[in-house]
Amino acid sequence: MDCIFCKIIKGEIPAYKLYEDDKVFAFLDITQGTKGHTLIVPKKHVKNVYDMSEEDAQAVFSRVPKLAKALKKAFNPIGLNIINNNDKPLQSVFHFHVHLIPRYENDGMTLTTVNRQDDYEKSDYLNVQDAIVKALNE
Ligand code: AMP
Ligand code: ZN
């Protein structure tokens with residue numbers, strides 16, 4: 001399979017490896033959006049969250065605190081964003097990965113959410129709630 005992260009896991013192409021165990025591999029994101037920008041990937045090739053079992057998710061997310069604590073210890077950031085992109089155009093590498101992005105004063109990153117509370121009435125919240133709960137129970 002022509003997957004760049006599978007090749008990194010197998011050591012076929014180089015990466016700045018941070019951590020490895022039987023389930024996951026962690027390495028520096030080549031872009032270093034901020035200092036320490038890290039990716040954690042499952043060793044099992046799985047495209048994205050829609051293809052994951054609970055066991056697959058457990059393998060990756062259970063290692064996130066370990067890497068997050070190491071980044072905090074190493075660089076003392078003011079905070080940390082944890083991001084995961086699924087499907088085009090957000091996702092560019094189709095092997096599931098979690099981004100850990102330490103944040104610093106004036107680091108130039110813009111990862112803010114928008115507050116749309118003023119656009120939402122109770123009926124809007126109820127419609128959104130209804131659609132999701134319905135999908136969960138189908
Ligand atoms: P996403 O948009 O969530 O799919 O992000 C994929 C990430 O993989 C990007 O942040 C890339 O910088 C990173 N990336 C792609 N190729 C490599 C590589 N060979 N080594 C390290 N990071 C990579
Ligand atoms: Zn892969």
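**Exercise 1. The accessibility of His45 and the zinc site**

Determine whether His45 is buried, exposed or partly exposed, and state which atoms coordinate the zinc ion (ligand 2).

*Solution.* Step 1. His45 has a relative accessible area of 28% and is therefore partly exposed; buried means under 20% relative accessible area, exposed over 50%, and partly exposed in between, with a 1.4 Å probe and protein chains only. This is a predicted model, in which local features need pLDDT of at least 70 and side-chain atom pairs count only at pLDDT 80 or more, while totals for chains, interfaces and linings use all residues. Residues are numbered from 1 along each chain as its sequence is written, chains are lettered from A and ligands numbered from 1 in the order in which they are written, and side-chain values use heavy atoms, with hydrogens and water left out.

Step 1. The zinc ion (ligand 2) is held by Cys3 (SG), Cys6 (SG), His45 (ND1) and His95 (ND1), at 2.0 to 2.3 Å. Donors are N, O and S atoms within 2.8 Å of the metal (3.2 Å for Na, K and Ca); water is not among the atoms, so sites may look incomplete.

Step 2. Along the chain, these donors of the zinc ion (ligand 2) have the spacing C-x2-C-x38-H-x49-H. Cys3, in the segment before α1 (4-9), and His45, in the loop between β3 and α2, are 42 residues apart, and the pair links distant parts of the chain. Helices (H or I, at least four residues) and strands (E, at least two) are DSSP runs, numbered from the N terminus.

Step 3. Cys3 has 7% relative accessibility, so Cys3 counts as buried.

Step 4. The angles among the four donor atoms of the zinc ion (ligand 2) are 104 to 118°, and the site is tetrahedral. Four donors count as tetrahedral if all angles lie between 85 and 135 degrees; four count as square planar and six as octahedral if opposite donors are over 155 degrees apart and all others between 65 and 115; anything else is irregular.

**Exercise 2. The sheet**

State in which order the five strands of the open sheet stand, and which strands are at its edges.

*Solution.* Step 1. The protein chain contains four helices and five strands, which follow the pattern α-β-β-β-α-α-β-β-α along the sequence.

Step 1. The strands form an open sheet in the order β1-β2-β3-β5-β4, with antiparallel pairing. Two strands pair if DSSP finds at least two bridges between them. Strands β1 (17-20) and β4 (79-83) are the edge strands, each pairing on one side only.

Step 2. Individual pairs can now be examined. Five bridges join β2 (residues 24-28) to β3 (residues 38-42) in the antiparallel sense, and Phe25 stands opposite Val41 in β3. The antiparallel pair of β3 and β5 has three bridges; Thr38 has Leu100 in β5 as its bridge partner. Between β4 and β5 there are five bridges, again antiparallel, and Gly79 faces Arg103 in β5.

Step 3. Six of the six residues of β5 are buried. Val98, Leu100 and Pro102 lie on one side and His99, Ile101 and Arg103 on the other, and both faces are covered. In a regular strand the side chains alternate between the two faces of the sheet.

**Exercise 3. The surroundings of Arg63**

Determine where Arg63 lies and which residues beyond its neighbours within four places in sequence are in contact with Arg63.

*Solution.* Step 1. Arg63 is placed in the loop between α2 (54-61) and α3.

Step 1. Its relative accessible area is 15%, so Arg63 is buried.

Step 2. Neighbours within four places in sequence aside, Arg63 is in contact (heavy atoms within 4.5 Å) with Tyr19, Asp21, Asp22, Lys23, Val24, Ile40 and Gln58.

Step 3. The side chains of Arg63 and Ser62 make a polar contact (3.1 Å). A polar contact is a pair of N or O atoms within 3.5 Å; within protein, one must be able to donate a hydrogen and the other to accept it, and residues adjacent in sequence count only if both atoms are side-chain atoms.
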